[in-house]
Amino acid sequence: MINISILPQEFLPFRASDRVLQPFWDYLLLHHLPLISSPFFQVLLAFSSYLLFSVPFALLDLLGERVPLFHQYKIQPERQPTLGMMIKSFMTALYNHVFFVLPAVVIGMFILPLPALPQDAPTLYEVFIDGLAALLLFDTQYYIWHFIHHKHSQLYRWIHAVHHEYIAPFALSTEQLSIPELMTVGLWSNQDPILLKCHPLTTWCVTVFSIWMSVEDHIGYDLPWSLNRLVPFGLMGGAPAHDMHHQRPSSNYAPFFSHWDRIFGTAVPLRKKIKAIENDK
């Protein structure tokens, strides 16, 4: 977790800078320092992003065929999530955060050092390159972890099976995770930017963007404006790949990108009418 201390008193806001993000960074430091310096800020940012991105798709699922503009892109239209399923997934995520994530942050406050916020904003180049590096590192870590947990039956049952309760994923099921999986993912999400020496603003951008990609993986809609459609060469898996993973769990292990699945032969294209193979783990 990124814990940030108070800035030096000599900090001068809105100083001249050729960095595009400097005015925005100065504004945050001047007007929202107590918030962004809190060790709880990144948890709040991640959880609120999860809700913000998930709720619109939850409403679409509840409306179903009454919104044909979106329903035509439903990957598994015969499997429609119910309100009860959505509430269960949300309550699982809320329970995990209240009783495990927040206590872990409190413990971290007494263990981890408190680096000061930098006065300079990152450049746009740094945000892009450092952010991409963090996403690629996480993608590699989770691919390995995911592959192992599907190949080891006991690990799958004890840790990862919670996430595979539903053959057809939906947005709010994004964070339906067991405690060990949540804490592992949380560790990587928070420590990878630190290892890569990312600027705090870059870290927060990665947090929001990675949450969006995770939710988009689970929405259950193959929308023409999704990232997997917009990014060329099939570099991103998106909802089609992850939906296929829930139908055939021995495929498409990578969370965001597609290169590891292609390299190791675990990439499987979406086939909407495939029957789930329950023991294919």
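A nonpolar core is a set of buried Ala, Val, Leu, Ile, Met, Phe, Trp, Tyr and Cys residues joined through side-chain atoms within 4.5 Å, where buried means under 20% relative accessible area with a 1.4 Å probe and protein chains only. The model is predicted, so local features need pLDDT of at least 70 and side-chain atom pairs count only at pLDDT 80 or more, while totals for chains, interfaces and linings use all residues. Residues are numbered from 1 along each chain as its sequence is written, and side-chain values use heavy atoms, with hydrogens and water left out.

The cores compare as follows.

| Core | Residues | Members, among them |
|---|---|---|
| Largest | 20 residues | Tyr50, Phe57, Leu172, Ile211, Val215, Ile219, Tyr221 |
| Second, separate | 14 residues | Leu135, Ile159, Trp188, Leu227 |

The members named for the largest core are those with the most contacts inside it. Helices H3, H5 (83-111) and H9 each supply at least two residues of this core, and H3 gives the most, with seven residues; helices here are DSSP runs of H or I, at least four residues, numbered from the N terminus.

H3 (residues 41-63) and H9 (residues 200-218) pack at an angle of about 30 degrees, with their axes 9 Å apart, the axes being lines fitted to C-alpha atoms over the stretch in contact and angles running from 0 to 180 degrees between N-to-C directions. That angle makes H3 roughly parallel to H9, a term for angles under 35 degrees.

Contact means heavy atoms within 4.5 Å. Leaving aside neighbours within four places in sequence, Val215 is in contact with Tyr50, Phe53, Ser54, Ala171 and Thr174.

How values were computed:
Angles under 35 degrees count as roughly parallel, over 145 as roughly antiparallel, 65 to 115 as roughly perpendicular and the rest as oblique. Buried means under 20% relative accessible area, exposed over 50%, partly exposed in between (1.4 Å probe, protein chains only).
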